[in-house]
Amino acid sequence: MEKEFSMLNGKEIIVGITGGIAAYKTAELVRELTKRGANVHVVMTKNAMEFVTPLTFQTISGNPVVHQMFELFYGSKIGHIALSDIADQMVIVPATANIIGKIANGIADDFLTTMVMATTVPILFVPSMNTKMWESKAVQCNIGKLKENGFEIMEPGTGDLACGTHGKGRLPTIGEILEKMEDIFTKKDLKGERILVTAGPTMEFIDPVRCITNRSSGKMGYAIAKLARRRGAEVILITGKTYLEPPRNDIRIIEITTAYEMREAVLEHYKDCSVIIKTAAVADFRCRAENCQKIKKQEDQDILLLELEKNPDIIGELGRIKEDRILVGFAAETEKLVDHAYDKLKRKKLDLIIANDVSKPGIGFGSDKNEVTIIDKTGYARHVPEKSKDEIADVILDAVKRLLKKKKKER
Ligand code: PMT
């Protein structure tokens with residue numbers, strides 16, 4: 001199985017499961033962690049076993065599940081000490097009011113709570129419970145104590161709860177938990193930067209039901225936005241219509257439809273940013289006529305002529321007004337990749353251009369992978385072979401980071 005690009009790859013992760021109805025969702029988390037290359041050790045409390053069985057987790061993780069206080073490990077080591085010694089990160093999911101209260105107040109009366117006390121690695125709590133319990137003074141006071149003591153706490157989500165009510169208390173999605181775990185391992189080398197990313201396609205209307213658009217799925221831009229935020233930057237994502245989930249819930253997302261709307265949004269926000277990365281595939285032309293009604297087909301009509309006019313060249317405009325901001329463009333090419341892309345870089349006054357061959361199957365538009373050439377102002381071109389879009393995003397951000405460092409030195 002191909003391992004996903006992840007900071008969790010090769011890490012020893014302890015997953016603590018406590019007795020809440022959301023315990024069944026932890027099976028998917030363990031599966032996703034192993035897919036990302038982590039070696040997962042599951043620890044269950046007695047109450048957790050009322051909801052789910054150790055067999056499920058042993059099968060998914062490939063490791064024995066610990067659920068008894070006095071278990072020996074690796075021959076002779078006491079279990080909770082042995083596991084604490086090898087762990088890189090620990091996550092407690094779901095974290096009930098009971099486990100939160102116990103750990104906040106220094107109680108260590110089972111394997112999980114003694115392990116928490118015996119370890120120095122980052123520990124993430126993912127609470128899930130009834131809204132009134134979550135909002136109770138006792139739980140909020142204990143959450144405050146955990147935060148003060150350096151534990152990481154995720155806010156529960158809002159929605160329908162197992163107890164039949166609606167409110168705050170849902171387990172965050174598995175994707176959100178994984179992203180938080182990645183976050184904990186990621187060096188915040190872009191902290192202090194504000195990065196504007198554009199992604200996805202624009203749509204130009206022919207009439208109220210038809211439009212001119214392109215095959216951009218938004219995946220490349222969303223990957224850049226996610227990785228930039230993971231590395232500590234504040235991120236504004238200006239996106240055309242896509243079918244993707246928001247990359248993270250701490251990214252400001254501005255949705256647009258047309259090239260004109262994208263231009264307006266970009267011009268409103270670029271000034272507050274140190275870096276602008278224009279991944280979006282923007283329509284170069286739009287319909288000249290505004291057809292307010294659906295265009296009707298005539299009985300004897302074989303041809304329909306559309307008159308198109310030029311859309312604003314957003315990146316060209318930014319190149320003229322960007323001052324010392326770093327401006328990164330993408331070039332979707334089908335031939336003479338480097339020559340055409342470098343020509344765009346010079347004409348539009350970019351700092352970097354990322355060229356991708358959109359005629360090559362398996363990369364570029366819509367796919368989960370890309371292969372790019374990163375070209376700088378001197379014409380130096382670095383080829384990055386086919387990788388996941390997350391990995392490509394990370395390499396692009398490395399190049400941006402180098403430019404930021406260089407600019408800071410020159411100032
Ligand atoms: O979204 P995915 O499915 O993941 O696919 C990713 C991608 C193939 C869309 C992406 O990797 C990519 O190549 N994006 C740029 C596509 C494009 O429009 O290329 P271009 O060569 O036509 O434009 C060059 C640059 O000018 C781009 O940064 C573009 O955002 C910008 N532009 C273009 C036209 C215009 N009117 N205004 C612009 O700002």
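Analyst: With a cut-off: a residue is called buried when its relative accessible area is under 20%, and exposed when that area is over 50%. Keep in mind that this is a predicted model.

User: OK. Is Thr 114 buried or exposed, then?
Analyst: Thr 114 has a relative accessible area of 12%, and the limit for buried is under 20%, so Thr 114 counts as buried.

User: Which helix is Thr 114 in?
Analyst: Thr 114 belongs to helix H5, which covers residues 111-118.

User: What lies 2.8 Å from a polar atom of the Thr 114 side chain?
Analyst: The backbone oxygen of Phe 111.

User: On to the ligand. How many residues surround the ligand, and which are the closest?
Analyst: There are 27 residues around the ligand, and the closest are Ser 216, Ser 217, Lys 344, Asn 356 and Gly 366. By type, the shell has twelve nonpolar, nine polar and six charged residues.

User: Which helices and strands each supply at least two residues of that shell?
Analyst: Helix H9 (219-230), helix H11 (314-321) and strand E18 (326-333). E18 gives the most, with four residues.

User: How much of the ligand does the protein bury?
Analyst: The protein buries 94% of the 780 Å² that the ligand exposes when taken alone.

User: And which pocket does the ligand sit in?
Analyst: The second largest pocket.

User: What is phi at Glu 323?
Analyst: Phi of Glu 323 is near 55 degrees, which is positive, and the residue is not a glycine. Glu 323 lies in the loop between H11 and E18.

User: Why does Glu 323 count as exposed?
Analyst: Because its relative accessibility is 65%, and exposed means over 50%.

User: Last one. Where is Lys 349, and what is its phi?
Analyst: Lys 349 is in the loop between helix H12 (337-347) and strand E19 (352-357). Its phi is positive, about 55 degrees, although Lys 349 is not a glycine.

Technical notes: Residues are numbered from 1 along each chain as its sequence is written. This is a predicted model: local features need pLDDT of at least 70, side-chain atom pairs count only at pLDDT 80 or more; totals for chains, interfaces and linings use all residues. Side-chain values use heavy atoms; hydrogens and water are left out. A residue is near a molecule or strand if one of its heavy atoms lies within 4 Å of it. Accessible areas come from the Shrake-Rupley method with a 1.4 Å probe; for residues, only the protein chains shown count as cover. On a 1 Å grid over the protein atoms alone, a cavity is a set of points where a 1.4 Å probe fits but cannot get out, and a pocket is an open set with protein on both sides within 12 Å along at least five of seven lines; lining residues have an atom within 4 Å of a point. A molecule sits in a cavity or pocket if more than half of its atoms lie within 2 Å of its grid points. Ala, Val, Leu, Ile, Met, Phe, Trp, Tyr, Cys and Pro count as nonpolar, Asp, Glu, Lys and Arg as charged, and the others, Gly among them, as polar. Buried means under 20% relative accessible area, exposed over 50%, partly exposed in between (1.4 Å probe, protein chains only). A polar contact is a pair of N or O atoms within 3.5 Å; within protein, one must be able to donate a hydrogen and the other to accept it, and residues adjacent in sequence count only if both atoms are side-chain atoms.
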